[in-house]
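Subject: Two-chain model, handover and notes

Hello,

Here is the structure I said I would pass on. My notes on it follow below.

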Amino acid sequence: MDREFILLLGSVVGILVVSSIIGAVLASRGGDEKKLKTIQNLNARIRSWWVMAAVFSAGIWLGHAFTTVMFAAVSFLAMREFITLTKTERADHEVLFWAFFVITPLHYLLVGVRWYGLFTIFIPVYAFAFIPFRRVLAGETKGFLASTARIQWALLVCVYAVSHVPMILALPLKNYEGQNPKLLFFFVLTAQLSDVLQYVWGKTCGKHPVAPHVSPHKTWEGTVGGIATTVLISTCLWWATPFSPWQAALMALLICLAGFFGGLVLSAVKRDLGAKDWGSSIAGHGGFMDRIDSLCFAAPLFFHLCGFYFGTGMDPRPPDWILHWLGK
Amino acid sequence: MILRRLIASTTRLITGVRRLHEPVHGEGPAIYYANHSSHLDFVVVWAALPFAARQLTSPAAAEDYWSKSTLRRWVSCNVFNAVLIPREGITRENNPIDRLAEVLGSGRSVLIFPEGTRRSDGVVGEFKSGLHHLAKRFPLVPLVPVHLENLSRIMPKGSLLPVPIIAQAHFQKPIQFCPSEPKGEFLTRARAALFGESEIV
């Protein structure tokens with residue numbers, strides 16, 4: 001593995017070591033009950049971060065196939081949380097089976113074999129049509145539009161958007177051949193760092209809520225402080241990317257803003273569905289959706305902007321062995 | 001038994017149900033009762049119990065289904081330790097309450113579904129009187145309500161395709177039988193306790 005990747009990994013380990021020490025010091029100092037609860041949650045979050053960072057880094061290190069499978073699992077589990085909170089009807093049952101066990105695996109298969117042309121349209125064109133087609137067979141018209149829209153949203157947000165993260169590995173970039181894992185790392189690190197730093201800034205000096213009805217814990221101080229710090233840190237990592245320092249800063253800003261709005265939008269969806277957290281799978285954080293909400297909308301934007309400004313053009317055709325197999 | 005642990009942990013993995021750390025009613029046998037909406041219900045409650053309590057619990061299962069083949073009979077008797085109860089043609093000899101009472105009398109816990117049948121609309125139906133008959137015979141055994149959520153969405157009546165919805169088994173505060181209480185009131189109180197709306201009497 002190249003030295004820059006090791007350096008990126010090292011900086012993540014460094015950040016985690018420092019935060020674990022801060023967490024331990026805070027816990028040993030004590031305080032009133034409310035404060036102790038916050039510190040407990042903070043330490044649970046940091047412990048979960050160690051696990052997530054380890055799994056994520058190992059996946060990337062093991063290559064394209066592992067990264068694809070890892071994000072396929074994340075999509076599946078996120079959509080599971082999304083659909084669990086959504087009030088689905090009996091008539092949705094068969095459509096949901098298709099969404100989970102056929103559409104999602106097929107879509108990630110396209111990521112795996114790098115068939116870019118079909119990857120971009122499989123869910124927006126084929127799945128978009130298939131879902132209402134199958135749903136109409138169930139013969140139930142009550143809530144038809146809401147039902148199909150919910151399932152289409154679940155697929156777009158949890159599967160289609162998230163799958164652009166592993167697809168970064170297949171993006172051909174000028175003077176950057178074989179180095180894409182670092183770009184993927186840069187993207188995920190920036191998106192997650194922005195979440196963490198907005199939380200830290202918000203907890204320490206947050207006062208004025210941005211959107212009190214949607215997400216009461218998001219404050220102006222937290223958002224601005226968190227985004228500014230993240231852009232600063234990510235700009236310092238420009239050497240790992242195909243960007244110049246100021247380009248890295250703009251890209252980081254884009255990831256942070258898309259992440260902020262993505263988080264806000266999914267928070268609104270969550271509240272619309274009447275829940276506080278998406279699930280309870282990750283200690284301290286909530287569910288998978290709580291962890292990837294800022295990634296969902298940022299991933300396709302980042303992917304396409306990288307491709308547009310720094311790419312040499314994606315090949316939309318399927319790999320040769322598929323062409324051969326199709327008899328073309 | 002490894003097979004039992006394997007089935008229990010697989011069930012928890014698939015349905016997302018968490019295992020209880022310790023029984024809600026303390027030591028000794030209990031009458032667990034739950035709402036019924038799916039074929040998976042009794043396996044889920046069984047799998048959500050702490051290991052020691054699970055070993056000592058017999059779920060009630062439909063005799064016509066579970067005694068049809070040698071395999072089913074073996075699984076229901078040896079894996080789940082189920083009490084097979086008839087759904088139709090009940091006589092004095094095969095009275096389901098007698099069979100459950102026999103198991104409770106031997107110091108084991110039982111799991112029953114007082115609605116009698118699976119509901120497909122997500123609503124908890126009225127309780128049949130079986131729960132009352134059983135509680136009357138064992139007035140000191142605590143009754144533990146288990147509210148099952150989302151199981152009908154995983155595999156609804158009439159479908160064999162599973163959808164990976166996250167289910168939950170809420171073990172509520174136990175209730176006690178009270179001899180002076182009329183049957184109807186007891187059944188209403190027991191049903192309300194499923195939703196955690198009752199205090200320990």
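How many helices and strands are there in chain A? Chain A has 12 helices and zero strands, so please keep in mind, when reading this and what follows, that the model is predicted.

**Chain A**

Along the principal axes, the C-alpha atoms of chain A fill a box of roughly 65 × 50 × 30 Å. Of the 328 residues in chain A, 39% are buried. Among contacts in chain A with a separation of 6 or more, 70% are between residues 24 or more positions apart.

I looked at one helix in some detail. Helix α6 of chain A covers residues 144-161, which is 18 residues. From first C-alpha to last, α6(A) reaches 24 Å, close to the 26 Å expected at 1.5 Å a residue. Buried residues in α6(A) include A:Ser147, A:Arg150, A:Ile151, A:Ala154, A:Leu155 and A:Cys158. An α-helix has 3.6 residues a turn, so residues three or four places apart point the same way. Towards the end of α6(A), A:Val157, A:Cys158, A:Val159, A:Tyr160 and A:Ala161 are buried as well. The cover over the buried residues of α6(A) includes α3 (64-85), α4 (93-113), α5 (116-137), α7 (164-167) and α11 (288-310) of chain A.

**Chain B**

Chain B has nine helices and six strands. Its radius of gyration is 16 Å, close to the 17 Å that the globule rule gives for 201 residues, so chain B is as compact as a globular protein of that length. The C-alpha trace of chain B spans about 45 × 35 × 35 Å along its principal axes. Buried residues account for 40% of the 201 residues. Of the contacts in chain B between residues at least 6 apart in sequence, 69% join residues at least 24 apart.

Strand β4 (residues 109-112) of chain B pairs with two others. It runs parallel to β1 (residues 31-34), with three bridges, and B:Tyr33 stands opposite B:Ile112. Strand β2 (residues 57-62) is also parallel to β4(B) and joined to it by three bridges, with B:Thr57 opposite B:Ser109. B:Ser109 and B:Leu111 point one way from β4(B), B:Val110 and B:Ile112 the other way, and all are buried.

**Core and contact between the chains**

The largest nonpolar core has 130 residues. Those with the most contacts inside it are A:Ala78, A:Leu155, A:Val162, A:Phe187, B:Ile31, B:Val44 and B:Val45. Leaving out residues up to four places away in sequence, B:Val44 touches B:Thr11, B:Thr15, B:Val17, B:Leu148, B:Leu151, B:Ala167 and B:Ala169.

The contact takes 12 residues from chain A and 10 residues from chain B. On the side of chain B that touches chain A, six residues are nonpolar, three polar and one charged.

**Two backbone points**

A:Asn175 has phi near 55°, a positive value in a residue other than glycine. A:Asn175 is in the loop between α7 and α8 (180-205) of chain A, and is exposed, with 8 other C-beta atoms within 10 Å. B:Asn81 has a positive phi of about 50° and is not a glycine either. B:Asn81 lies in the loop between α5 (70-79) and β3 (83-85) of chain B, and counts as partly exposed, with 17 C-beta neighbours inside 10 Å.

Regards

Note on methods
Residues are numbered from 1 along each chain as its sequence is written. Chains are lettered from A and ligands numbered from 1 in the order in which they are written. This is a predicted model: local features need pLDDT of at least 70, side-chain atom pairs count only at pLDDT 80 or more; totals for chains, interfaces and linings use all residues. Helices (H or I, at least four residues) and strands (E, at least two) are DSSP runs, numbered from the N terminus. The expected span of a helix is 1.5 Å times one less than its number of residues. A residue is buried if 20 or more other C-beta atoms lie within 10 Å of its own, exposed if 12 or fewer, and partly exposed in between; C-beta atoms are placed from the backbone. Two residues are in contact if their C-beta atoms, placed from the backbone, lie within 7 Å. Ala, Val, Leu, Ile, Met, Phe, Trp, Tyr, Cys and Pro count as nonpolar, Asp, Glu, Lys and Arg as charged, and the others, Gly among them, as polar. The radius of gyration is taken over C-alpha atoms; the globule rule is 2.2 Å times the number of residues to the power 0.38. A nonpolar core is a set of buried Ala, Val, Leu, Ile, Met, Phe, Trp, Tyr and Cys residues joined through C-beta atoms within 7 Å. Two strands pair if DSSP finds at least two bridges between them.
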